[in-house]
Amino acid sequence: MSYDYMWVDSPVGKLQLVAKGDALAAILWEVDRPNRVKLESKVENKHSAVLRTVAQQLSEYFAGKRDRFDVKLDFKGTAFQKKVWAALLTIPFGETRSYGQIAEQIGHPSAVRAVGAANGRNPISIIAPCHRVIGATGALTGFAGGMRAKQVLLTVEGCLIEGGKAVEKMADRQQSLFA
């Protein structure tokens, strides 16, 4: 079975949405490295119901009207990668986790670098929120969509970015200013 795809514009650049049947298989970046996510043949289909639903939900997310997605996902990867990607789905909107925390969560505390590699190959960016994974010091680290896109995504979710680090949620900071 081939994959259907369509391009959408977003505040973080053009995104290629890719579906396999009734499930989302990928959200790829216009600036993506070739073969970061390996998919068989793709056919453009602007009428795909699942892709239109994803496009609508992404639009709502960027407009601040959605903090979770409701779409069937079809991850293609190794068993370890799928464990990491499943852990990404547990990170709450507006929060971050370190690579070490993800490694602990999946039961492989010494596999921090492997978690980083799996995070970098996440095929379903934004929805499986790899942008919420940061360095142990809070530093924003590599991101397939680029560092500007990572900052935008975290900011959309209410995270405060200072000096290249995720500091805290803006709402938390605002509350402390008025306390």
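Predicted model: local features only at pLDDT ≥ 70, side-chain atom pairs only at ≥ 80, totals over all residues.
**Entry 1, the annotation.** I started with the record. An unreviewed UniProt entry annotates residues 7–75 as "domain: Methylguanine DNA methyltransferase ribonuclease-like". I then looked at that span in the model: 20% of it is helix and 26% is strand. Its end C-alpha atoms lie 19 Å apart.

**Entry 2, the sheet.** Next I traced the strands. I found an open sheet of 4 strands, ordered S3-S2-S1-S4, with mixed pairing. Strand S3 (23–29) and strand S4 (42–44) are the edge strands, each pairing on one side only. On average, neighbouring strands here are turned by 30 degrees against each other, ignoring direction.

I took a look at S2 and S3 together. Strand S2 (residues 15–20) runs antiparallel to S3, and 6 bridges join them. In this pair I noted Val18 standing opposite Ala26 in S3.

I asked myself which strands helix H1 touches. Helix H1 (residues 49–62) packs on the sheet and touches strand S1 (3–8), S2 and S3. The direction of H1 makes about 140 degrees with that of S2.

Last, I checked burial in helix H4 (residues 112–120), where the buried residues are Val115, Ala118 and Asn119. Viewed down the H4 axis, these residues fall within an arc of 100 degrees, so they line one face of the helix. A handy reminder for myself: an α-helix has 3.6 residues a turn, so residues three or four places apart point the same way. I also noted what covers the buried residues of H4: the cover includes helix H2 (79–88), helix H3 (99–105) and strand S6 (133–134).

How values were computed. Residues numbered from 1 in each chain as written. Heavy atoms only, no water. UniProt positions renumbered as here; feature names shortened; annotations may be inferred. Buried < 20%, exposed > 50% of the residue type's maximum accessible area, 1.4 Å probe, protein only. Arc of directions from axis to C-beta. Contact = heavy atoms within 4.5 Å. Pairing = 2+ DSSP bridges. Axes fitted to C-alpha atoms, helices over the stretch in contact; angles between N-to-C directions.
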